[in-house]
Amino acid sequence: MKQVTNTILMVRPATFRKNEQTAVNNYYQKEITGVLPSTILAKAQEEFDTFVEVLRTNGVNIVVIEDTKEPDTPDAIFPNNWISFHENGDVAIYPMFAENRRLERREDVLEALEEKGCVIHNIVDYSEAEEEAYFLEGTGSMILDRQHRKAYCALSPRAEKELFIEFCEDFEYTPVIFTANQSVNGERVPIYHTNVMMCVAETFAIVCLDAIDDKKERKELIKHLKSDGKEVVAISEEQVSKFTGNMLQVIGTDEKRLTVMSSSAFNALTAKQKSIIEKHNSSIIHSSLETIETCGGGSARCMMAEVFLPSEKQVQI
């Protein structure tokens with residue numbers, strides 16, 4: 001099983017703004033005052049296009065899907081929350097916390113990948129869990145170590161424990177469960193998505209250990225990562241607020257390993273942290289995602305849905 005891929009699905013936004021429905025438990029979303037909605041959308045589209053260009057220049061295969069103006073989907077730019085693609089040809093569809101995010105699920109996304117030669121054998125759809133108010137927002141809620149068959153999940157209103165365990169049983173992952181908190185107005189509240197405070201690459205992991213208040217859970221998490229040969233890079237809660245946890249390792253030109261993040265995340269890393277990440281990669285690549293981060297409360301990793309599906313060529317062999 002591969003941990004990293006060369007193919008990424010991304011959705012170019014058509015109605016991007018601060019999503020009022022997700023802001024109730026995503027405390028990283030902020031208002032940009034005094035700026036027209038049309039200007040915010042144009043800036044987000046510009047950031048998206050530049051980011052795609054940076055990735056393509058580095059040899060990453062990007063499949064861009066255009067979002068539609070109807071229905072209204074302000075967070076469509078973050079597709080990794082509603083869908084994930086797996087090496088055996090399985091696709092998982094996930095239940096979303098915000099009602100307007102449920103409208104992001106589109107069959108034509110699967111059709112577009114099949115047109116590119118991807119093979120889909122089976123669709124596992126968990127979206128009915130929304131009727132019971134149970135949610136599990138894809139590789140936002142879960143960090144998958146596909147190679148070692150472990151799934152890491154910080155429980156939150158967007159990541160329900162029983163549903164996560166069901167996913168792990170269906171896809172044959174060992175669940176690693178913990179709670180990750182952030183300080184909001186003097187209170188400790190759950191971080192909305194695991195991928196904001198954690199990244200698992202082939203041979204290293206980024207994690208905000210300070211967010212895990214339970215010492216036993218923290219120790220268990222470190223044990224799992226180290227037993228799988230990962231060098232653990234600890235980041236601070238302040239760095240998490242700059243989206244330093246929201247990064248992803250991908251494959252670029254000549255099978256080179258690249259770790260992708262926003263410029264905000266890159267600038268928040270210390271020289272020592274950068275040198276450790278660089279040791280495990282050919283390079284770090286980053287792009288400014290300021291508008292997307294401020295209004296959307298998500299960053300580079302949230303924008304990239306990794307495609308691990310087999311191709312027709314592979315199947316014929």
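Reply: The model is a predicted one, and it holds 18 salt bridges. Three of them are described here, followed by some of their surroundings.

Salt bridges with shared partners join R12, D49 and E66 into one network.

Next is the pair of E237 and R188, whose closest N and O atoms are 3.0 Å apart. Here too distant parts of the chain are linked: E237 is in helix α6 (residues 237-240) and R188 in strand β10 (residues 187-190), 49 residues apart. E237 counts as partly exposed because its relative accessibility is 29%. R188, at 32%, also counts as partly exposed.

The side chains of R257 and E202 form another salt bridge, 3.0 Å from N to O. R257 lies in strand β15 (residues 257-262), whereas E202 lies in the loop between β11 (198-200) and β12 (204-207), so the bridge ties together parts 55 residues apart in sequence. With a relative accessible area of 22%, E202 is partly exposed; the cut-off for buried is under 20%.

Apart from residues up to four places away in sequence, S283 touches R257, L258 and T259. S283 is partly exposed, with a relative accessible area of 24%. Its C-alpha atom is separated by 13 Å from that of M247, 36 residues away along the chain.

Some acidic residues belong to a patch instead. E107, E111, E114, E115 and E312 form a negative surface patch. Helix α2 (residues 107-115) gives the most to this patch, with 4 residues. E312 is placed in helix α10 (residues 312-316) and counts as partly exposed at 43% relative accessibility.

For contrast, T73 is a buried residue, at 4% relative accessibility. T73 sits in the loop between β2 (61-66) and β3 (83-85). Leaving aside neighbours within four places in sequence, T73 has contacts that include D67, T68 and E104.

Key
Residues numbered from 1 in each chain as written. Predicted model: local features only at pLDDT ≥ 70, side-chain atom pairs only at ≥ 80, totals over all residues. Heavy atoms only, no water. Buried < 20%, exposed > 50% of the residue type's maximum accessible area, 1.4 Å probe, protein only. Contact = heavy atoms within 4.5 Å. Patch = residues over 30% accessible without salt bridge, like charges linked within 9 Å, V, L, I, M, F, W, Y side chains within 5 Å. Areas by Shrake-Rupley, 256 points an atom, 1.4 Å probe, with all protein chains shown as cover. Salt bridge = Lys/Arg side-chain N within 4 Å of Asp/Glu carboxyl O. Lys, Arg positive; Asp, Glu negative; His and termini not counted. Charge placed at Lys NZ, Arg CZ, Asp CG, Glu CD. Helix = DSSP H or I, 4+ residues; strand = E, 2+ residues; numbered from the N terminus.
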